[in-house]
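User: I'm new to reading protein structures. Could you walk me through this one with a few questions and answers?
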Amino acid sequence: MVDVTEFDLLADTAQEFGLPWSGPPAVRRDDVTLSDGRRVSALVWGSADPSLVFLHGGAQNAHTWDAVALALGRPLVAVDLPGHGRSDWRADHDYWPWRNAAALGEVLTRLAPNPDAVVGMSLGGLTAIALAASRPDLVRRLVVVDVTPGVTAEKSAPISEFVQGPETFASFDELLERTMRYNPTRSERSLRRGLLSNARTLADGRWVWRYDRMRPPGGRLDFSPLWEQLARVMAPTMLAVGTLSGVVAEDDVAQFRRCQPTARIERVEGAGHSVQGDRPRELAALIEDFVF
């Protein structure tokens, strides 16, 4: 494999999705040291005060938002959640939304204290709900992507099977082949870029993921307490669902509406669970319309 820096592939991202490209954008990596000493890393796009904050899903990292960030062209922050990307891991493997939200409160106070909206997908979406309930000063608008507190082990089974698979791979090609099998809605080109951001090589040439494995409290995947927190959210809210994803069922959408009667519900055609990877331009357009 040819060595690349984390920003070398942005031009290829823009080309694949037909996004304008006039040269490398202003984007840098920044770190925040939490009060407990752990470090949370983030990508800061632009030089002005960030107007958007993006939170990725479990087993992903901040670069999953690259195409959306390029499409929006606005100053924003994309965070590596604790235990993901270049952020520090927790010894207790507790990356539950409530725990993440506490860390994000510190991060955003430092990097994006006055954003127009927080956008979260999957685990990031659940974290965003917890953050909006506990720190309404940081969440003026809330965008939740392809997840609700009604997600269960059964609904997320294909994703969990992929994430809980082998921890090491003999080669990049082996890693890519497995990733392609579990992500049929994504192009090989896109998945290659994603893996170069979400995996790394060891001294012996093997490849390993850049994320820690979450261990649910009590071993149960139960996010249902977040329904009550969602009902307390005062910020205007939008739920964007991929039409090819099975993570959000119709009864989940109905419950979401009961908790947030004025919520905007959007269905993104041709998108699986990773809406930002499958249809980044369409998602960016929805965010632009809803927030600005």
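Predicted model: local features only at pLDDT ≥ 70, side-chain atom pairs only at ≥ 80, totals over all residues.

User: Okay, so where is Glu228 placed?
Analyst: Helices are numbered from the N terminus, so we just look for the one whose range takes in this residue. The range 226–232 does, and Glu228 has its place in helix α8.

User: Is Glu228 buried, partly exposed or exposed?
Analyst: Buried means under 20% relative accessible area and exposed means over 50%. Glu228 has a relative accessible area of 45%, so with those cut-offs in mind we call Glu228 partly exposed.

User: How far apart in space are Glu228 and Pro25?
Analyst: In sequence, 203 residues separate Glu228 and Pro25. Going from C-alpha to C-alpha, the distance in space is 40 Å.

User: Why is β2 largely enclosed by the rest of the structure?
Analyst: Strand β2 runs over residues 39–45. β2 also pairs with β4 (residues 76–79) in the antiparallel sense over 4 bridges, and Val44 stands opposite Val77 in β4. β2 counts as largely enclosed because of its buried residues, 6 of the 7.

User: What is the strand order in the open sheet of 3 strands?
Analyst: The edge strands, β7 (168–169) and β8 (199–201), each pair on one side only. β8 and β9 (residues 207–209) pair over 3 bridges in the antiparallel sense, with Ala199 opposite Trp209 in β9. The order is β7-β9-β8.

User: How far apart are the end C-alpha atoms of α11?
Analyst: Helix α11 has 12 residues, 280–291, and at 1.5 Å a residue it should span 16 Å. The model agrees with that: the end C-alpha atoms are 16 Å apart.

User: And within what arc do the buried residues of α11 fall?
Analyst: The buried residues in α11 include Leu283, Ile287 and Phe290. Looking down the axis of α11, its buried residues line one face of the helix, because they fall within an arc of 160 degrees.

Definitions and conventions. Residues numbered from 1 in each chain as written. Heavy atoms only, no water. Buried < 20%, exposed > 50% of the residue type's maximum accessible area, 1.4 Å probe, protein only. Helix = DSSP H or I, 4+ residues; strand = E, 2+ residues; numbered from the N terminus. Pairing = 2+ DSSP bridges. Expected span 1.5 Å × (residues − 1). Arc of directions from axis to C-beta.
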